[in-house]
Amino acid sequence: MFRIPRRYSHFAYGFIQSGLTCGIAAAIASFPLAAPGNFVLHWLQAWLFSWLLMLPVVLFAAPVIRRLAHAMTREE
């Protein structure tokens with residue numbers, strides 16, 4: 001398995017974290033689009049719902065992601 005030096009593990013962490021967050025948020029936002037003229041309201045509702053859903057996901061996924069980033073890296 002390809003491993004990067006541990007000093008770059010924060011990049012691996014950010015990559016995994018952003019992928020998870022964006023994937024879930026995009027799935028939520030992709031549900032039926034708002035009626036024409038309601039974009040801002042739809043976006044605000046989607047963002048708030050996504051953030052409320054993502055907060056516990058991020059808090060509970062962080063230790064798992066940290067371990068994954070550690071497993072993807074190696075000591076120098």
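This is a predicted model: local features need pLDDT of at least 70, side-chain atom pairs count only at pLDDT 80 or more; totals for chains, interfaces and linings use all residues.
Trainee: Which residues does Arg6 touch, not counting residues up to four places away in sequence?
Mentor: Residues are numbered from 1 along each chain as its sequence is written, and side-chain values use heavy atoms, with hydrogens and water left out. Contact means heavy atoms within 4.5 Å. Leaving out residues up to four places away in sequence, the partners of Arg6 are His70, Thr73, Arg74 and Glu75.

Trainee: With which residue does Arg6 form a salt bridge?
Mentor: Side chains of opposite charge can pair when their charged atoms come close. The rule for a salt bridge asks for a side-chain nitrogen of Lys or Arg within 4 Å of a carboxyl oxygen of Asp or Glu, and the count by this rule is 1. For Arg6 the closest N and O atoms are 2.8 Å apart, and the partner is Glu75.

Trainee: How many residues apart are Arg6 and Glu75?
Mentor: Helices (H or I, at least four residues) and strands (E, at least two) are DSSP runs, numbered from the N terminus. Arg6 sits in the loop between β1 (4-5) and α1 (9-29), whereas Glu75 is in the segment after β2 (73-74). The pair thus links distant parts of the chain, and the separation in residues is 69.

Trainee: Is Glu75 buried or exposed?
Mentor: Buried means under 20% relative accessible area, exposed over 50%, and partly exposed in between (1.4 Å probe, protein chains only). Glu75 has a relative accessible area of 59%, so Glu75 is exposed.

Trainee: How far apart are the atoms in the polar contact between the side chains of Arg6 and Thr73?
Mentor: A polar contact is a pair of N or O atoms within 3.5 Å; within protein, one must be able to donate a hydrogen and the other to accept it, and residues adjacent in sequence count only if both atoms are side-chain atoms. Thr73 is found in strand β2, while Arg6 is in the loop between β1 and α1. Their side chains are joined at 2.7 Å.

Trainee: Which backbone oxygen does the side chain of Thr73 reach?
Mentor: Thr73 is buried, with a relative accessible area of 0%. Thr73 also touches Arg3, Ile4, Pro5, Arg6 and Ser9, not counting residues up to four places away in sequence. At 3.2 Å, its side chain reaches the backbone oxygen of Ala69.

Trainee: What is the C-alpha to C-alpha distance between Val57 and Ile24?
Mentor: Val57 is found in helix α2 and counts as partly exposed, at 26% relative accessibility. Apart from neighbours within four places in sequence, Val57 is in contact with Leu20 and Ile24. Val57 and Ile24 are 33 residues apart in sequence, and from C-alpha to C-alpha the distance is 9.6 Å.

Trainee: What is the area of the nonpolar surface patch that includes Trp51 and Leu55?
Mentor: Patches are made of residues with over 30% relative accessible area and no salt bridge: like charges are joined within 9 Å, nonpolar side chains (Val, Leu, Ile, Met, Phe, Trp, Tyr) within 5 Å. Trp51 is found in helix α2 and is partly exposed at 43%; Leu55 is found in helix α2 and is partly exposed at 38%. Accessible areas come from the Shrake-Rupley method with a 1.4 Å probe, and for residues only the protein chains shown count as cover. The patch is made by Trp43, Leu44, Trp47, Leu48, Trp51, Leu52, Leu55, Leu59 and Phe60, with an area of about 1,000 Å².

Trainee: What pattern does the chain follow along the sequence?
Mentor: There are 2 helices and 2 strands in the chain. Read along the sequence, they give the pattern β-α-α-β.

Trainee: Which element of the chain has the lowest mean pLDDT?
Mentor: The mean pLDDT of the chain is 78, and 86% of its residues reach 70 or more. Among the elements, β1 has the highest mean, 89, and the lowest, 79, belongs to α1.

How values were computed:
pLDDT is the predictor's confidence in each residue, from 0 to 100.
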